[in-house]
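Have the structure open as you read.

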Amino acid sequence: MNDNNLNNKLMLSKEDMLQYGYRIIEHIVDHFENQNDKKPVTSASRQEMDALLAEDIPHTPTPANDVLDFVMDHVIPHGNIVSHPKSFSFVPGPSNYVSAMADTLATGFNIFSGGWAASPAAAELEIQTMNWLLEIFGFPKKNGGGIFTSGGSMANLTGLVTARRIKCGDDFSKAVIYLSDQAHSSNIKAIKVIGFKKEQIRIIPTDIEFKLSINKLKNAIAKDRLEGLHPFCMIASAGTTNTGTVDPLDELATICKNEDLWFHIDGAFGGAAILAKDGKKFLKGIEKADSLTVDPHKWFFQPYEMGCLLVKNHSWLSGTFSEKPEYLRDIEGNESEINFYDHGIQLTRRFRALKFYMSLKTFGLDAFKNAVQYNIELAEKTEAILRKSAKWEVISPATLGVINYRYHPINHTLSEEQLDKINQNISKKITASGDALLVTTILQGQVVLRMCLINPRTTLQHIQDTLDQCEAYGAEEMETIQEK
Ligand SMILES: *Cc1c(COP(=O)(O)O)cnc(C)c1O
């Protein structure tokens, strides 16, 4: 593999390329076939990783297969398997093989997905797949538009930059933005990135169901107007990451209309539930957003990185992000031939639409719908199991595939501190075992266990096994308390 001439051109011979590629495909297929038998959780300290991976700059070559072997032995295994059926925490990344291969194709051909002239078909596929999404979410296909981003964080950022330009123009010194205490942290990050001060952000409390309180929002807007400030944007959550709760979208849309606020909905996690009959009813009003974030690398089963921002009017994006530098003047083209570099922040962009396109065509939308519906029902069945148990207490009911609960055996008087500690330790123990990724969150001051069940390969048996294991840890914790 070390033919010097080829080496200096950063190339492998044809035979070596084929052999190398087949080996990688074998590893990936093996992973898809056997991931269930692996442990989803890994952990390592910085010292351990340094000991394994720190080295001087490699000035001279190493055989390609040796590098690959090293990576397969020492790099790939040291990461959580987010597509594992027992990966319950944060938001899992179930992914799918067709999209992984599509990404490989897009990378193999190194397709530039920035401008029409460089790759008309890539731009066209982004337009077409965006049209599918516009239709799915009830956005107007005629004027609507959108852009694929690296993820939900960048989609939120892109949406908020657009909102700021349209509602505030150049002067946003008096502008105020509203979101709930359950809104995703990426929104606050985006608000900071685009230069708002802390005083311009209103965190509106949620009610006992974790929904944004309409009354408190109305009060906040009225008070800000009295103070001569400029309420300009409302961020609603369509599926909070914590509990899957959807804010009252219809009512919020009306308030935004009456108050002339931009209505941004962060549906990064929950938006995809629109595919399921049991999800759609929760998302009533989502079509009323000015801009909507969805995250295909979550519940649309795409591999990282793929987020998406949809907007009611695609000219809002071009009006916000178009710059006309002299070095791009030869490729500007006409209006209908969209240059996506004019619709968002990135100029050079990878061909994200391809994996969405290929996986949707290969499996068909019905398969995606069935998967999401399955996940929603799985969470409801999990809730039913927990409710019947004398050991578990449901803290927030199954909503869009998310359920929160805690160990709280009946006929025992335990303080809130003790309950918090028991549940924290259950999470620590199961995660340390590596058998399942199950971490805690805090809801209304209580430490709770949270499952996010968006992987269609997770079965009720996987969940039952994990609950049994957690119950055993819970019993251990009870013993240590009683000994004291
Ligand atoms: C995951 C998530 C985000 C952030 O998306 P990334 O793809 O991680 O950047 C934003 N909002 C919500 C509600 C999310 O669940």
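This is a predicted model: local features need pLDDT of at least 70, side-chain atom pairs count only at pLDDT 80 or more; totals for chains, interfaces and linings use all residues.

The notes below go through the pockets, the cavity and some backbone details.

**The largest pocket**

- The largest pocket has a volume of about 1,200 Å³.
- Its lining is made up of 33 residues, and those nearest the centre are Ile28, His31, Phe32, Ile76 and Ala100.
- Of the elements, H2 gives the most to the largest pocket, with twelve residues.
- By class, the lining of the largest pocket holds 20 nonpolar, ten polar and three charged residues.
- Why does the largest pocket lie between domain 1 and domain 2? Domain 1 (4-37 + 43-78) and domain 2 (111-363) both give residues to its lining, so the pocket lies between them.

**The second largest pocket**

- The second largest pocket comes to about 370 Å³ in volume.
- It is lined by 24 residues, with Val91, His184, Ser185, Thr241 and Lys298 closest to its centre.
- At least two lining residues come from each of helix H7 (152-168), helix H8 (185-193) and strand S10 (440-443).
- The class count for the second largest pocket is six nonpolar, 13 polar and five charged residues.
- Domain 2 (111-363) and domain 3 (367-483) each provide at least three residues of this lining.

**The cavity**

- How many cavities of 30 Å³ or more does the structure hold? There is one.
- The volume of the largest cavity is about 60 Å³.
- Residues lining the largest cavity are Gln182, Ala183, His184, Ser237, Gly239, Thr240, Thr241, Asp266, Ala268, Phe269 and Lys298.
- Sorted by class, the cavity lining has three nonpolar, six polar and two charged residues.
- His184, Thr241 and Lys298 are among the residues that line the largest cavity, and they are also among those closest to the centre of the second largest pocket.

**Backbone details to look up**

- Where is a cis peptide bond found? The bond from Tyr304 to Glu305 is cis, with omega near 0°.
- Glu305 sits in the loop that runs between strand S6 (291-294) and strand S7 (307-311).
- Phe90 is not a glycine, yet its phi is positive, at about 50°.
- The place of Phe90 is the loop between H4 and H5.
- Is Phe90 buried or exposed? Its relative accessibility is 53%, and exposed means over 50%, so Phe90 counts as exposed.
- Leu400, also a residue other than glycine, has a positive phi near 45°.
- Leu400 belongs to the loop between strand S8 (392-399) and strand S9 (402-407).
- Is Leu400 buried or exposed? With 2% relative accessibility, and buried meaning under 20%, Leu400 counts as buried.

Conventions
Residues are numbered from 1 along each chain as its sequence is written. Side-chain values use heavy atoms; hydrogens and water are left out. On a 1 Å grid over the protein atoms alone, a cavity is a set of points where a 1.4 Å probe fits but cannot get out, and a pocket is an open set with protein on both sides within 12 Å along at least five of seven lines; lining residues have an atom within 4 Å of a point. Grid points are joined across faces, edges and corners, and a volume is the space filled by probe spheres set on the points. Ala, Val, Leu, Ile, Met, Phe, Trp, Tyr, Cys and Pro count as nonpolar, Asp, Glu, Lys and Arg as charged, and the others, Gly among them, as polar. Helices (H or I, at least four residues) and strands (E, at least two) are DSSP runs, numbered from the N terminus. Domain bounds come from an automatic or database domain assignment. Buried means under 20% relative accessible area, exposed over 50%, partly exposed in between (1.4 Å probe, protein chains only).
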